[in-house]
Amino acid sequence: MSTRRFALALAGMAMLALTFLIPPAAAQDGKIRVAGIYTVPVEQQWVSRIHKALNAAQERGDIEYVYSENVSNTDYERVMREYAEQGMDLVVGEAFSVERAARKVAAEYPDTAFLMGSSFPAQEPNLAVFDNYIHEPAYLTGMIAGEATESNVIGMVGGFAIPEVNRLMHAFMAGATEVNPEVRFLVSFINSWYDPPKAKEAAFAMVDRGADILYAERFGVADAARERGIKAIGNVIDTSGDYPGTILASAIWHMEPTIDKAIEAVKNDTFAAEDYGQYSYMSHGGGSLVADEELAPEGAVEAAKAKQEEILSGAFEVEVDDTEPKSTM
Amino acid sequence: MEILEILISANFWAAAIRIATPLIFGVLGALVCERAGVLNLGIEGIFVAGAMAGWLAVYLGLPLWAGVAIAAIVGGAFGLIHAGLTVPLGLSQHVSGIGVTMLATSLSYFVYRTALPNVSSPPRIVPFQPVDVPVLSDIPFLGPVLFSQTPLTWLAFAMVLVVAWLLYRTPLGLALRAVGDNPASVDAQGMSVTSLRIGAVVAGSALMGIGGAFLTMSAFDAFFFGMVNGRGWICIALTVFASWRPGKALLGAILFGAFDAFQVRLQTVIGSALPSQIFLMLPYVLSILALVLVARRADYPRALLQPWFQGQR
């Protein structure tokens with residue numbers, strides 16, 4: 001018995017010792033202090049774009065940047081409070097699955113600016129929202145995919161059927177249908193952000209049903225495309241270096257315009273409860289098209305580039321559709 | 001009609017076996033632990049640790065099979081923690097198991113981040129490739145289903161035979177089954193209940209570690225936090241489904257793999273009629289149903305969850 005008690009006491013003491021190892025807040029030196037709070041590791045596509053933009057701002061010397069990754073949703077509120085208590089000027093994060101809690105915390109710390117990824121409107125006075133509005137480049141990649149498909153079947157594997165995923169899929173489908181009305185889509189979701197083996201299996205199932213282009217919303221889909229020797233369309237990040245000869249085109253998200261705007265607003269003390277979503281549009285440099293002209297069919301990239309001009313000039317507007325996309329086969 | 005076509009296609013069954021492979025390792029591991037009387041809820045975390053350790057070893061330059069061995073060793077080490085807490089100390093197996101899962105998960109991520117602090121996308125390794133066995137892989141249907149898999153899948157099938165042989169054909173297996181049913185009788189034979197149980201938990205956990213390694217070294221080529229995604233918990237349920245028998249364990253794992261492979265295909269066939277969540281729920285609902293049907297006759301080890309102290313009644 002005493003051995004057991006001793007072991008338990010030892011474990012308790014170890015836990016206590018660990019709590020004293022939490023690092024103290026960083027020192028003040030006039031720079032804007034920014035904290036990032038992410039529910040996934042910083043390698044995850046979506047979050048990696050925010051992380052990159054904030055790191056760039058830090059390298060320029062504009063901000064002092066700290067972050068917490070892999071924060072579980074149940075812990076999110078605590079981490080927000082902790083950064084707010086430390087006197088951060090700007091807190092950047094994602095409120096998608098913690099909307100209520102995040103909005104409550106933001107209201108309690110009116111002196112801190114919160115810039116949160118969210119599907120809902122901004123909240124007065126200090127919570128601004130952003131999202132990956134890259135439906136425009138997604139539409140352009142759809143045009144290229146529509147030209148490239150020979151079986152007229154395109155497979156699409158998504159994480160969760162939420163607005164930020166759905167709208168890109170819809171834009172992609174609209175783009176493909178514009179150039180090729182014959183094209184049909186296979187759509188499935190894996191209900192996970194981070195299960196590449198599962199995404200890969202979903203993609204294999206689509207190839208078995210005749211898909212010859214895969215829309216790679218998740219990690220794992222491009223791997224399936226490479227293994228089966230077909231082409232894939234990238235999303236949010238450029239993965240063409242990892243899959244040479246597989247990625248036809250990608251819709252890239254640039255978070256820099258959004259972040260720079262927010263930093264400027266905090267610096268000038270003009271930060272307000274705005275919707276920063278527009279800074280992800282192509283006209284603000286928040287989205288771009290990357291295409292492999294060697295792989296894409298002749299003329300497809302030119303057609304997409306021409307469409308891009310129309311989007312930039314305002315002559316063409318890509319529809320935003322947040323409903324769950326369905327298979328059309 | 002199309003649904004029938006899915007069920008008879010070789011690609012479907014090949015996918016089912018691919019999905020089943022990590023579960024085969026996991027359910028065998030859980031079975032070995034539970035046959036000795038120790039429930040190992042550390043399985044989910046041990047999967048993560050195995051996935052990370054095996055992958056990291058290969059990323060740092062070791063050959064693939066050495067990575068598998070390291071995954072097994074790391075799995076066994078976490079098993080030793082669980083065994084230490086539950087066998088000689090006799091603590092709650094549930095609490096200790098959950099604790100091991102949390103420890104292994106967090107520690108894996110800690111090691112990953114410490115080893116690779118500034119990567120923009122998770123680094124890749126060259127994973128196990130599907131191997132075509134000459135002659136055998138040319139057999140219609142069975143060829144693509146069974147003989148175009150990666151070596152780890154064959155290892156999983158081999159482990160089913162090894163575990164079954166050990167349990168039912170060796171004195172060690174007899175002692176191991178006895179220690180989970182009636183530890184006092186094993187003690188009366190002059191054997192050490194404590195060492196048998198610790199050994200079983202370590203060996204079972206090593207199998208779980210290899211199951212995790214399959215995810216990063218065969219099914220995919222990089223480690224992602226959260227990629228285990230509940231596969232360990234599924235194995236705990238499958239152990240009951242299998243009634244603690246290796247043959248049925250194999251069957252249960254393949255059945256679950258088939259449900260999952262069926263689900264992704266069904267989404268693309270009649271996906272426009274129903275919300276995607278219904279399909280994603282399917283393998284779990286079918287597993288619960290299967291469990292309900294067989295669990296009434298489940299022949300659980302009599303001393304499961306019961307700590308044993310020498311001289312105590």
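Residues are numbered from 1 along each chain as its sequence is written, while chains are lettered from A and ligands numbered from 1 in the order in which they are written. Because this is a predicted model, local features need pLDDT of at least 70 and side-chain atom pairs count only at pLDDT 80 or more, whereas totals for chains, interfaces and linings use all residues.

**View 1. Helices α2 and α10 of chain B.**
Helices (H or I, at least four residues) and strands (E, at least two) are DSSP runs, numbered from the N terminus. The axes of α2(B) (residues 10-35) and α10(B) (residues 193-219) come within 7 Å and cross at roughly 170°. This crossing makes α2(B) roughly antiparallel to α10(B). Axes are lines fitted to C-alpha atoms, for helices over the stretch in contact, and angles run from 0 to 180 degrees between N-to-C directions. Angles under 35 degrees count as roughly parallel, over 145 as roughly antiparallel, 65 to 115 as roughly perpendicular and the rest as oblique. Two residues are in contact if their C-beta atoms, placed from the backbone, lie within 7 Å. Among the residues of α2(B) in this contact are B:Thr21, B:Phe25 and B:Val32, and those of α10(B) include B:Ala200, B:Leu207 and B:Phe214. By class, the contact has 15 nonpolar, six polar and two charged residues. Here Ala, Val, Leu, Ile, Met, Phe, Trp, Tyr, Cys and Pro count as nonpolar, Asp, Glu, Lys and Arg as charged, and the others, Gly among them, as polar.

**View 2. B:Ala20 in helix α2 of chain B.**
B:Ala20 is buried, with 25 other C-beta atoms within 10 Å. A residue is buried if 20 or more other C-beta atoms lie within 10 Å of its own, exposed if 12 or fewer, and partly exposed in between, with C-beta atoms placed from the backbone. Apart from its neighbours within four places in sequence, B:Ala20 is in contact with B:Ala253, B:Ile254, B:Phe256 and B:Gly257. From B:Ala20 to B:Gly42, 22 residues apart along the chain, the C-alpha separation is 20 Å.

The expected span of a helix is 1.5 Å times one less than its number of residues. Helix α5(B) (residues 93-115) has 23 residues and should span 33 Å; its end C-alpha atoms are 32 Å apart, which agrees. Its buried residues include B:Gln93, B:Val100 and B:Tyr112. The buried residues of α5(B) pack against α3 (43-59) and α4 (64-86) of chain B. In α3(B), 16 of the 17 residues are buried, so this helix is largely enclosed by the rest of the structure. Just after α3(B), B:Gly61 takes a positive phi of about 115°.

**View 3. The loop residue A:Gly159.**
A:Gly159 lies between β6 (153-158) and α6 (163-179) of chain A. With 20 C-beta neighbours inside 10 Å, A:Gly159 counts as buried. Not counting residues up to four places away in sequence, A:Gly159 touches A:Val165, A:Phe189, A:Ile190, A:Ser192, A:Trp193, A:Glu217 and A:Arg218.

Most residues other than glycine have a negative phi, and most peptide bonds are trans. A cis peptide bond joins A:Glu124 and A:Pro125, with omega about -5°. A:Pro125 is in the loop between β4 (113-117) and β5 (127-130) of chain A. Phi of A:Asn191 is positive, near 50°, and this residue sits in the loop between β7 and α7 of chain A. A:Asn191 is partly exposed, with 16 other C-beta atoms within 10 Å. B:Asn229 has a positive phi of about 55° and is found in the loop between α10 and α11 (231-241) of chain B. With 21 C-beta neighbours inside 10 Å, B:Asn229 counts as buried.

**View 4. The contact of chain A with chain B.**
Chain A gives 32 residues to the contact and chain B gives 29 residues. On the side of chain A, the elements that give two or more residues are α1 (2-19), β7 (184-189) and α7 (196-208). The largest share, nine residues, comes from α7(A). This side of chain A divides into 15 nonpolar, seven polar and ten charged residues.
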